[in-house]
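Here is a short walk through a protein model. Keep the sequence and the 3D view side by side as you read.

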Amino acid sequence: MHIAEGDCITFAVSTEPWDAVAGIASGEAFELERKRREELLSIARLTQSDFPMVAHLILAADQFIISPQMRTEAAARSRAEGHEPRTIIAGYHWFTD
């Protein structure tokens with residue numbers, strides 16, 4: 001493959017099945033992620049330009065919030081209450097949630 005100046009290249013790394021990754025065009029995935037991050041910052045009532053360090057910390061902390069896959073009873077209870085089950089990983093890979 002030849003990459004020319006001005007070409008757009010996308011690398012995707014995921015634990016999702018390939019059909020889930022390939023189901024969204026790279027440009028659309030980028031835009032959806034950008035909007036998701038903006039929404040996180042709006043929940044915190046700030047923008048990237050308001051307090052850049054705080055915004056970076058919020059977005060960094062978001063990387064540790066996951067959907068639990070192993071506790072099906074707790075996940076079912078959370079969904080029954082109308083919530084998407086989430087937990088926080090204290091540190092990869094040596095800690096659990």
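Start with Ser78, which sits in helix H4. Helices (H or I, at least four residues) and strands (E, at least two) are DSSP runs, numbered from the N terminus. Is Ser78 buried or exposed? Ser78 counts as buried, because its relative accessibility is 14%. The cut-offs are these: buried means under 20% relative accessible area, exposed over 50%, and partly exposed in between (1.4 Å probe, protein chains only).

Which residues does Ser78 touch, leaving out those up to four places away in sequence? They are His83, Glu84 and Pro85. A contact here means heavy atoms within 4.5 Å.

Before going further, note the ground rules. The model is predicted, so local features need pLDDT of at least 70 and side-chain atom pairs count only at pLDDT 80 or more, while totals for chains, interfaces and linings use all residues. Residues are numbered from 1 along each chain as its sequence is written, and side-chain values use heavy atoms, with hydrogens and water left out.

Now follow the contact to Glu84. This residue lies in the loop between helix H4 (72-80) and strand E2 (87-88). Glu84 counts as partly exposed because its relative accessibility is 45%. Its contacts, again without residues up to four places away in sequence, are Ser78 and Arg79. Look also at Ser67. Glu84 and Ser67 are 17 residues apart along the chain, and their C-alpha atoms are separated by 8.0 Å.

Cys8 lies in the segment before helix H1 (18-22). Cys8 counts as exposed because its relative accessibility reaches 71%.

Ile24 is in the loop between H1 and H2. Its relative accessible area is 37%, so Ile24 is partly exposed. Ile24 touches Ala29 and Leu32, not counting residues up to four places away in sequence. Asp62 is another matter: Ile24 and Asp62 are 38 residues apart in sequence and 22 Å apart in space, C-alpha to C-alpha.

Helix H2 itself covers residues 26-43, 18 residues in total. How far does H2 reach from its first C-alpha to its last? The span is 26 Å, close to the 26 Å expected at 1.5 Å a residue. That expected span is 1.5 Å times one less than the number of residues. Just after H2, Arg45 takes a positive phi of about 60 degrees.

Step back to the whole chain. The protein chain has four helices and two strands. From the N terminus on, the order is α-α-α-β-α-β. The C-alpha atoms fill a box of roughly 50 × 40 × 30 Å along the principal axes. The radius of gyration is 17 Å, whereas a compact globule of 97 residues would have one near 13 Å. This radius is taken over C-alpha atoms, and the globule rule is 2.2 Å times the number of residues to the power 0.38.

How much of the chain is buried? The share is 12% of the 97 residues. Among contacts with a separation of 6 or more, 15% come from residues 24 or more positions apart.

Finally, consider charge. The protein chain has 9 positive and 15 negative side chains, and the centres of the two sets lie 7 Å apart. Lys and Arg count as positive and Asp and Glu as negative; His and the chain ends are not counted. Each charge is placed at NZ of Lys, CZ of Arg, CG of Asp or CD of Glu.
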